Amino acid sequence: MTEATANRAVLCDDDDVLRSVVRRMMDDAGYLVVAEAADPEAALEAMESTGADVLLLDLALETGRGEDVITDLATRQRPVRIVVFSAYVSSPQRSR
């Protein structure tokens, strides 16, 4: 990892307000949030297009599962650090 890509992060959460709060916390911690995403597909696209080395990921997304993002990123050649969080103790029941 080069200095140019170190601490570049993508933030994925389906709540706009929470993304805003987490973004400020990331900035304060020395991370540059290079993209935000509200769904798994957008998170994967952002990780690919920005070359970010960190993903902050909500596991319980409105339009998909954060676990699927982790699985997809694990198959790629480039190492990525993933920090997961959720407001739920267990996965919420959602109709698909």
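Leaving aside neighbours within four places in sequence, which residues is threonine 50 in contact with? I looked this up and found Arg8, Val10, Val34 and Ala35, where contact means heavy atoms within 4.5 Å.

Ground rules. The model is predicted, so I used local features only at pLDDT of at least 70 and side-chain atom pairs only at pLDDT 80 or more, while totals for chains, interfaces and linings use all residues. Residues are numbered from 1 along each chain as its sequence is written, and side-chain values use heavy atoms, with hydrogens and water left out.

Helix H2. I placed threonine 50 in H2, residues 40–50; helices (H or I, at least four residues) and strands (E, at least two) are DSSP runs numbered from the N terminus. A polar atom of the threonine 50 side chain lies 3.2 Å from the backbone nitrogen of alanine 52. At the N-terminal end, aspartate 39 caps H2, with a side-chain oxygen 3.2 Å from the backbone nitrogen of glutamate 41. Just after H2, I noted a positive phi of about 70° at glycine 51.

Sides of H2. I listed Pro40, Ala43, Leu44, Ala46, Met47 and Thr50 as buried (under 20% relative accessible area; exposed is over 50%, partly exposed in between, with a 1.4 Å probe and protein chains only). They sit on the same side of H2 because they cover an arc of only 160° around the axis, taken from the directions from the helix axis to the C-beta atoms. The face turned away carries the exposed residues Glu45, Glu48 and Ser49. Among the elements covering the buried residues are E1, E2, E3 and H3.

Strand E1. I found five of the five residues of E1 (8–12) buried. Arg8, Val10 and Cys12 point one way, Ala9 and Leu11 the other. E1 runs parallel to E2 (32–37), joined by five bridges, and parallel to E3 (54–58), joined by four; strands pair if DSSP finds at least two bridges between them. Arginine 8 stands opposite leucine 32 in E2, and alanine 9 opposite valine 54 in E3.

Notes
Polar contact = N/O pair within 3.5 Å; in protein donor to acceptor, adjacent residues only side chain to side chain.
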